[in-house]
Amino acid sequence: MRGITAKISLLKNSILLMSSMVLLRFFSAATTIVLTHWLTLEDYGRFSYGQSVALLVMFGVSVGLPTFIVKDVSAKTERSDELFVTCLKLISILGLIECSIIAMLFLLGEFSQSLASTVIPMSVGGGALAGNMVMQAFFRAYDRFALQAALLSLQGIVMLVILSLTAEIFDSSIAVAWAFAGCASVLLGIHIVFAARIIRKITGRLIVWSSDGKFGARALLCKTISFGLIDWVMAGYPLIIGTGLLFLGGEALVGIFYAGFAVFGAVSIAALVLDQIFIREIVRLDKTQQAKMSRIYIFSATLAGLFIGSSLFFSANFLASIFFSETQPSLVVVLKVLSVALAFRFISLAASSFERLNDGQNKVLLFNLCGVGVLAFAMPTALQWGLTGAATSMVIFEVCLAVIFVCRTFLMGSGYVVPSSKTF
């Protein structure tokens, strides 16, 4: 009876988490569409570039802490308060350092004043969202899935309403960027309050901001940095392409590219949902069945990627008409090219999950860096074809990752069998 109850609870929590993630992506996509109509193409280009920087800061500040908290802390409640304080110290220090570096780069570099004034507050917002991610990890670790789902939905709604109103009233990327930073900071405060209450209830102690956690922060950073760098690399490669377009053709080209990338990211959520479904099932099987189910997962991911990619290809004209006040034919091309990358994104995510489960995060990081290396090598030539080349360079990156991970998983005979002692 307990086993059935546990399975029902797990299914309920999975549905809550996945539904909230899908809902957040929906609100994010809606926000993007509204902003493309209320802002000029150049202003939206500056905002979307700042959003890409904010994403980089978010993963650079969270630095793998959510993965560590969920994976290793769920059953260790006696020191939750110490970990909570250490996490706050670490993200505060990293956020200050990274936002300061970005401010210096954009104020002293060859960037326009309007772009710098947009990117700097966006980076602050990215640091705040990193804190949200860490607090949400505590919610998951202690089975507060309903709370996390509610706060994720609140985040999507608040961002949609506040950013849309700001864009309509002020018609400026700088104003929208400060609204983004303000919303993210307020949401961080709400997350911290809820997380602190949960941890105080679990430990039965008041949370004290002690001064003896410096070494703890360093030790924690050493444990989580490999996970953080993986996410940081994946968040950074669109920024590399966007920066190339920025110097090639200005903010207008950047805006069109990131509008296409927003659609790509929104439909890619299906890959994460598929990953959650299969991985939770795989870890419960014996080694022989794990190998079989892993191959089924790769096959299913391939089919799902092909289906969603084909749907994106044939609906590109309709989707492009939703963005911007005037139809942008180049956005149609970008969407069609990015549809090719979807199947490979599904495959690489599936295969990389096996490596992560087997503590192979260093290999995942190495493979991602190889993909970035190929991208950096191909991009100067690809950008000669403008937006089409930029989208094609994304396809090259995704293909490279998929080939590397599939070869590692199957041809080398490792990476797809998860030890029975693992939990997820």
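Which residue's side chain meets that of Asp 43 in a salt bridge? The partner is Arg 46, at 2.7 Å from N to O.

## Ground rules

This is a predicted model, so local features need pLDDT of at least 70 and side-chain atom pairs count only at pLDDT 80 or more, while totals for chains, interfaces and linings use all residues. Residues are numbered from 1 along each chain as its sequence is written, and side-chain values use heavy atoms, with hydrogens and water left out.

A salt bridge here is a side-chain nitrogen of Lys or Arg within 4 Å of a carboxyl oxygen of Asp or Glu. That rule gives a count of 3. Let's start with the pair from the opening. Asp 43 and Arg 46 sit 3 residues apart in helix 2 (residues 41–62), which puts about one helical turn between them. Helices are DSSP runs of H or I with at least four residues, numbered from the N terminus.

Arg 46 has another partner: its side chain also meets that of Glu 251 in a salt bridge, at 3.5 Å from N to O. This pair ties together distant parts of the chain, with Arg 46 in helix 2 and Glu 251 in helix 9 (residues 251–267), 205 residues apart. Through shared partners, Asp 43, Arg 46 and Glu 251 end up in one network.

## Glu 398 and Arg 345

Glu 398 also forms a salt bridge, this time with Arg 345, and the closest N and O atoms are 2.7 Å apart. Here again distant parts of the chain are linked: Glu 398 belongs to helix 15 (residues 386–411) and Arg 345 to helix 13 (residues 329–357), 53 residues apart.

Are these two buried or exposed? Glu 398 counts as buried at 0% relative accessibility, and Arg 345 is buried with a relative accessible area of 16%.

## Helix 5

Helix 5 covers residues 113–141, 29 residues in total, and reaches 43 Å from its first C-alpha to its last. That is close to the expected 42 Å, the expected span being 1.5 Å times one less than the number of residues.

Why call helix 5 largely enclosed by the rest of the structure? Because 23 of its 29 residues are buried. Just after helix 5, Asp 143 takes a positive phi of about 60°.

Terms used: Helix = DSSP H or I, 4+ residues; strand = E, 2+ residues; numbered from the N terminus. Buried < 20%, exposed > 50% of the residue type's maximum accessible area, 1.4 Å probe, protein only.
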